[in-house]
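This report walks through one model, from the overall build of a chain to its strands, core and helix packing. Please keep the sequence and structure in view while reading.

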Amino acid sequence: MSEARIEINDLVVRYGDVVAVDGVSLTVGQGEHVTLLGPSGCGKTTTLRAIAGLEEPSGGTIRIAGATVYSAAERRNVPAEKRGISMVFQSYAVWPHMSVFDNVAYGLRVRNLPRDKVATEVERALDLVQMRDFATRSAALLSGGQQQRVALARAIAFSPAVLLFDEPLSNLDAKLRAEMRVELRDLQRRLGVTSVYVTHDQEEALAISDRVVVMNVGGIEQIGTPENIYNRPKTRFVADFVGSANLIAGRVRGGASRPGVVGFDATGGMGLEALAGHAPTGREDWVAVRTAYIDIATDASNGRAGGMTNKIGGTIRQRLFHGDFIQYIVDSPVGQLTVRRPPTELFDEGAAVTLSFAREHCVLLEG
Amino acid sequence: MTDIARNRSLSAHSPESRWLPSSQGIVTGAILLFCGGLVAYPLVYLVAESLNTSGEDVFPPAAIGLSNYADLIDDWHVLANTAFVACLATVMAIVIGFLAAWTLTRTKLPGRPQLERLMELPYYMTPLVGALAWSILAAPRTGFVNQVWHGLGGGGDLVDIYSPFGIAWVMALFEGTVAFVMISAAMKSMDPALEESARVMGAGKWRTMLTVTLPLVMPGVLGAAVFVFAEMLGSFAAAFVLGLPARYVVITTAIWQAVQSFPPDYPRASALGIALFAVMFATLGFYRLIIRRGNFATITGKAFRPRTMAMGRLAWVLFAACVAYIVVAVVLPVATLLLTSCQRFATVILSQSQFTLANYQTAFGFGAVRSALTNSLVLGVGVATVGVPVMTVLVWIIYRSRAPGHGLVEYVVMFPQAVPRMVFGLALLWAWLNIPIPIYGTLWLLALAYFTVLLPLGMRTLAGVVLQIDKSLEECARVCGASWFYQLRTVTMPLLRPGIVAAWLLVFIASVRELGVSIFLVGPNAKVIAPSIVSAWLSSSSELSAALALIQTVAIFIAVIVLFRATRRYSQERA
C-alpha cells in the first residue's frame, strides 16, 4: 500500500443510453491485489477493461504508475498496447495457431527483446506456472487447466507494471479452481506485482485478495479487506452478496450519534444490541447477522449462550445437511433466520431453541 | 521486475488520443469513400438515364420525366413472365432444397458426409452452363432426349426445354443447392432437446414433426424461399438461352434486347433495370425481416448435432433421390457437354456422330477465344488476390473496429447484393461511357466491376470466420503491447487463413463464371469467357459453346476441389 499504482477517479462508461460504470473511484497500491466483486452486469468487467484500454470510458480519469492513460478532460486515451499492463482473459485467449513458447514469447517479441533474453524470460515464466515441459507443444492441444497456466505465463512474461485478471478461473471445474486459487495467490505474492482481479465468486474474492471492492449496478458498494467486508458489511447488498447473512428489519434507537454499540428495535418488538461502524443517523432500519455467528441451544442443553448479548427464542423449521455444515431455518419473533452450525451440533426439526449472538456480530447497516 | 515493461511502455506515455484520427478511422473513411463511390456512382447514372425523356443519349439528360416508367405498362407481359418463372423456379428449388436438407440432416443415410459435400456441386455449375447443356439435351426436335424418342419411333417431341418450365427447371436445379444450404443450416441450428422434450411429453414422431420441428424450421424455409426468389428475379442466363428461342421474354432478357437493338434503347433498359432493382431490393428487405423475426428459438448461433432417424428401406429411396439430383444437375449436363464438344454436329445417336477435337482447337487456337480464356483466368486471380485482403480488412472493421462509421461500411459493401447483376452491368456501361477516364472496354473496368459485385460474397465468407474468432484472442495481443497492424499480422490473419483461402477461391470461381455484368462491359480487346460462350451460342455453334462451357467448368471444378481440400483440412484441425 505504499505508492499508488492505479488511480481511478470518477470513471463513467456508457454504452449508448446504458451506464455500465457510474462514477467509480479507486486506488490500488504498489504490489497490492485488489478484487472487483459483484454480480453479472455490475460493471466490474467494464471497469477492468477500461483500465486495460479495451473499453473507451465517457468520463473520469485513469492513471497507471503515475501517468495519465485516460482523461476525459484532457481528451487523452492511451491505447491498450501502450499502457504497460497485462491481462489474463476469461477465455484464456491462448492463440491456437502458435506453440506454447510462441504464446508466452509474444509480449517479449513485441518489445523487440534479443533472442536469448526472450528464451530465458519465457523459460522463467513457464517455470513459474510449471509448464516448462510443454514449451514446444501446440497450444491447440492443451487442456483447460494447461491453457490457463499458459495464459498466466504469457501475462507475466514481459514483467508488466500491472496485471489484470478477468474471471480467470470461472471456466475451470471446482477442484481445479480451488488449486489454482492457491497458486495464483502464491504467485502474486512472489512476484509482488500489482494486480486487479475480477470475479463474481465471493469465496474466491475473499480468499485471494488484499482488498475487495464490492460493486453493484455500476457503482462501488464497499471497499475493504476480506475480513472487513465479511464482518462489517455496510449495505444490505454487501451483507447479502458476500457470505450468507440474516437481514433483520427494524429501527435504530434514537440517541446514539457516534460509532459503537447502539440499540435496535426489531420488527415484532424484540430489542437487540448492534454495532454501528458509522455515526448513526437514526434512520437505519436493518441489521445483518452472519449465519455462522449465531449459536443454537435447546432449553435442555442451555450452555454457552450465557455470554451473548442478543438472545432470541425460536423453533427449528427445517434442517439441511450440507456436509461441512448444517443449515437450520429457524422461526423466530424477528422473522425466519438461517443458521449454519458445524455438523457436530445436531438439533431436531420442530425443537424449541434459543438463538444467541454477540452484539459485534450484529451489524447496523448504513442503508 | 518491471524494468522491461517500463523501458518499452512508459516511453509511450506521450499524449495519445483516439479523438485524433486513428489508423482505423482513416482506413474506414477511405474505404467508405471508395466502395461507396464504386457502388453509388453507376446507379446515379442509371437513375438519371431512366428519367431521360429527351430521346438523346446525353448526360445529364436534356429533359426529365417519368414516361419511361409509364411505358413499363406496355411491357406487362414481360413483368408477368418474370414473376411466373421466378415463382415456379422458387417452388421447385425449395422442394428440392427442403427434401435434401431434411434427408441429409435428419435421417440415417449411408455416405452422408460425402453426399452432403456433393450436394454443393450444382451451385458451381453455372446457370449458363446448365441451360446450354439442357438445351442440347431437351430442345425440340434436335435435343438428345427427343432424338432418342424419335429413334424409338415416338411422334412429336417428348420434352421441350424452350418454355417457362424449362427455364424454371434449369434455375431450380441450380438454386436447389442454395435452398439446401440455407434450410439445412436452419435445421442444424435447432436444439434437438426441443424435439426430445416433445417426445418425452408423449408426442409421437409425426406429431413432434408437425408441432415442433416444422414451426421452428419454417422461418428458415421461408427465408430461403424469399432469397431464392430474389435471385431468380435477377437471373439472366437460363432465360436467355432457353427463353428467347420461344420468344419468352423476362425483364433481364428484355433489358438485354433493349441494349442490343439499333439504336440502343437505354432509357427503356434503365427503367426496366430500376424497376427490377426496386423489386429485388424490397424482396431482400423482406428476407432480412424474416431472418431477424425468425430468430426465436432455433438460431442460437450454436450448431447442434441433430438427432437422426433410422428410415429403414426408405433410406435407400432418399439416398437415390439425392444422387438423382446430383446426376440431373451435374453429371448429365457435363456428360452432354463432353459428348457435344467432341463432335462435329451434336447428336446422341453415336453411329451418326463424327468425333473431332476441332472445337477445342478453336477454343485454344482462335485468338479471340483464347484471349477470353486467358483474360478470365487473369481477372479471376487478380481480383481474388487484390480483393480478398481488402475484404479482410473490411470485415474486420465491420465486426471488430469501433472506429466511427464502421456500421455504415456493412451497408455499403453488402449493397451490391441487392442490385441485379444485369442492372449493375448496365449502370456501369452507361456510367463509364460518359466519363473521360478511358477504362471502358478494358480489363480494368471488368476488374473493378467484379470486385464491386463480388464484395458481398467475399465478405460473407470471411465474416463467418471472423465471428468464430474469440475477440479476446485479439484483445490479448493489444494488451501484450502489439499495435493494430502487428496484431492483424500475427494474430488475426493467421487465424483467418482458412477463411481467406476459401474467400480467395470463391471469388476466383465467381469471377471466372461471371456473366451478367461482363456481358455489357466486354470490348473487342477485353473479352472474357462467359460472354464468349454466349456469342458462340448466338452464332449457333452449340459444339464450340459446349467446348468453352466445359473448359470453364473444368477450371471452376479444379478450384472447387482445392476449396474442399482446404476447408476439410481446416475442419479437421479444428476438431
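## Chain A overall

Of the 367 residues in chain A, 45% are buried. Buried means that 20 or more other C-beta atoms lie within 10 Å of the residue's own; 12 or fewer makes a residue exposed, anything in between partly exposed, and C-beta atoms are placed from the backbone. Chain A has eight helices and 21 strands. These are DSSP runs numbered from the N terminus, helices being H or I with at least four residues and strands E with at least two. Along the principal axes, the C-alpha atoms of chain A fill a box of roughly 75 × 50 × 35 Å. Of the contacts in chain A between residues at least 6 apart in sequence, 64% link residues at least 24 apart. A contact puts two C-beta atoms, placed from the backbone, within 7 Å.

The model is predicted: local features need pLDDT of at least 70, side-chain atom pairs count only at pLDDT 80 or more, and totals for chains, interfaces and linings use all residues. Residues are numbered from 1 along each chain as its sequence is written, while chains are lettered from A and ligands numbered from 1 in the order in which they are written.

## A five-stranded open sheet

Five strands of chain A form an open sheet in the order E16-E20-E17-E18-E19, with antiparallel pairing. Strands E16 (295-298) and E19 (335-341) of chain A are at the edges; each has a single partner strand, so one side of each lacks a neighbour in the sheet. From one strand to the next, the twist averages 45°. Pairing requires at least two DSSP bridges between two strands.

E16(A) and E20(A) are joined by four bridges, and Ala297(A) sits opposite Thr354(A). E17(A) and E20(A) share six bridges; here Thr315(A) faces Ala352(A). Strand E17 (residues 310-321) of chain A also pairs antiparallel with strand E18 (residues 326-332) of chain A, over six bridges. Gln318(A) is opposite Ile329(A) there.

In a regular strand, side chains alternate between the two faces of the sheet. Strand E20 (residues 352-357) of chain A has Val353(A), Leu355(A) and Phe357(A) on its covered face. Its uncovered face carries Ala352(A), Thr354(A) and Ser356(A).

Strand E12 (residues 245-252) of chain A pairs antiparallel with strand E13 (residues 260-266) of chain A through three bridges. Val252(A) stands opposite Phe264(A).

E13(A) pairs antiparallel with strand E14 (residues 271-276) of chain A over six bridges. Asp265(A) has Gly271(A) as its bridge partner. The two strands E13(A) and E14(A) make a hairpin with four residues between them. In the turn, Gly268(A) has a positive phi of about 105°.

## The largest nonpolar core

Which residues touch the most other members of the largest nonpolar core? They are Val287(A) and Leu426(B), in a core of 283 residues. Such a core joins buried Ala, Val, Leu, Ile, Met, Phe, Trp, Tyr and Cys residues through C-beta atoms within 7 Å. Leaving out residues up to four places away in sequence, Leu426(B) touches Leu46(B), Ile255(B), Val259(B), Ala269(B), Ser270(B), Gly273(B) and Phe520(B).

## Helix packing in chain B

Helix H2 (residues 23-50) and helix H17 (residues 367-400) of chain B have axes that come within 11 Å and cross at roughly 115°. Axes are lines fitted to C-alpha atoms, for helices over the stretch in contact, with angles from 0 to 180 degrees between N-to-C directions. H2(B) is therefore roughly perpendicular to H17(B), a class covering 65 to 115 degrees. The contact involves Gln24(B), Val27(B), Thr28(B) and Ile31(B) of H2(B), with Val393(B), Leu394(B) and Ile397(B) of H17(B).

Note on methods
Parallel < 35°, antiparallel > 145°, perpendicular 65-115°, else oblique.
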